[in-house]
Amino acid sequence: MTPAARVQAGIEILDLVIAAARTGGAPADRIVSEWFRTRRFAGSKDRRAVRELVYSAIRACGDVPQTGRSAMLRLAWGNPELTALFDGSPHGPAPIGIRESMAGGGAAPKWLTQALTASDLGGGEIAALLDRAPLDVRINRLKTEPLELPEPGEPSIAPNGLRFPAGLPIDKWDAFLSGAIEVQDAGSQLACNAVQARPGEKIIDLCAGAGGKSLSLAASMENQGEIIACDTDRRRLSQLPPRAERAGATIITTQLLDPGRELASLDSWQRRADAVLVDAPCSGTGTWRRNPEARWRLTTKELDRLMALQSRLLAAGAKLVRPGGRLVYVTCSLLDGEGAGQVGNFLADHPGWRSEPIDLPAGRPRGPGLRLTPQHDGTDGFFIASLSSPC
């Protein structure tokens, strides 16, 4: 592909990403992969270059662009080399019109930027949400063989973490295939550490998804005890058993839940768990480094729905904790309504519960919990709170 053809390819993919953002369709990474799957003529260098153009254009546009071309024009603004590729050559984009408009810039739609600012995030903190994320892995201590990696990596802020440059094919490494390492952001690893899981305990991971945090908890527990990994998404939860087998985590049992009736399947666990982890569904504002188009999908209506769900899951999780046990609430959001405000409301509605200090090597206090941000901590954005049940 010529450089101009790569730009045109990026425009075509951006059109698909924009349409998906408006209709709740596939995420950008899946759209990019599918686009190249049907275009075998594109070599590996072409794929890397086009992907970089697409994600750079997404990061450059604050609100949802009208078209992929307007998004690419925003990226080209102030970049003479990229502007010159709008040359009308075969397979390239048409020349830029005199009155042609580009998409608006900014870190996010205006209402969302205002919400982040109201949550005490400054301009630098908000801008850092769109930096490119490094690649973090967790060393799986359940595997005892010596760790051999093609690249050494750097120790991350998480105790068992290593950090690599983005883009390495870690999923092809023998250490990954054997379960000796797991891809997991350092902030996510620290959120697991906040649970303080100990060997022999009974722990419920109430929103387990594909089970990354359950695997980390199993390692902390040295494969002694019991973990119930729950979710309402059958597809995501089905990914956990093969991951657990690869990791050597033998204490995890999966439990599919009915949306809105989560406790019905966990009736026998009420007031029995030593700890319950509620890694609640959220807006994902802390994950924009990896999913920058997510900010185009969020609406005030969807945010209200998520906060109502978080409140319900916190209340459900509280019923599963034994007297004196722990309820750990985590969101990958930096909005106070999903973090400090959510936990504050829970404490007001549940007399006798109290927030506990969290001892982590990163983060800053935020209300009854701790907040991690990309700019301050070099991790994805997280809010973490540890709550203790009345005895």
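The entries below go from an annotated span to a helix pair and then to one glycine.

**Entry: the annotated span.** I kept in mind from the start that this is a predicted model. I looked up the UniProt record, an unreviewed entry, and found that it places the feature "domain: SAM-dependent MTase RsmB/NOP-type" at residues 102-390. For that span I noted 29% helix and 22% strand, with the end C-alpha atoms of residues 102-390 lying 57 Å apart.

**Entry: the helix pair.** I then turned to helix H1, which covers residues 3-23, and helix H2, which covers residues 28-37, and found that they pack at an angle of about 135 degrees with their axes 10 Å apart. Angles over 145 degrees would count as roughly antiparallel and those from 65 to 115 as roughly perpendicular, so I recorded H1 and H2 as oblique to each other. I also wrote down that H1 passes H2 in a right-handed crossing.

Which residues of H1 and H2 meet? On the H1 side I listed Ala9, Glu12, Ile13, Leu16, Val17 and Ala20, and on the H2 side Ala28, Ile31, Val32, Trp35 and Phe36. Sorting the residues of this contact, I got 10 nonpolar, no polar and 1 charged.

**Entry: the loop glycine.** Between H1 and H2 there is a loop, and in that loop I found glycine 24. Is glycine 24 buried or exposed? Its relative accessibility is 60%, and because exposed means over 50%, I counted glycine 24 as exposed.

Note on methods
Residues are numbered from 1 along each chain as its sequence is written. This is a predicted model: local features need pLDDT of at least 70, side-chain atom pairs count only at pLDDT 80 or more; totals for chains, interfaces and linings use all residues. Side-chain values use heavy atoms; hydrogens and water are left out. UniProt positions are given in the numbering used here, feature names are shortened, and annotations may be inferred rather than shown by experiment. Helices (H or I, at least four residues) and strands (E, at least two) are DSSP runs, numbered from the N terminus. Axes are lines fitted to C-alpha atoms, for helices over the stretch in contact, and angles run from 0 to 180 degrees between N-to-C directions. Angles under 35 degrees count as roughly parallel, over 145 as roughly antiparallel, 65 to 115 as roughly perpendicular and the rest as oblique. A crossing is left-handed if the near helix is turned anticlockwise from the far one by less than a right angle, and right-handed if clockwise. Contact means heavy atoms within 4.5 Å. Ala, Val, Leu, Ile, Met, Phe, Trp, Tyr, Cys and Pro count as nonpolar, Asp, Glu, Lys and Arg as charged, and the others, Gly among them, as polar. Buried means under 20% relative accessible area, exposed over 50%, partly exposed in between (1.4 Å probe, protein chains only).
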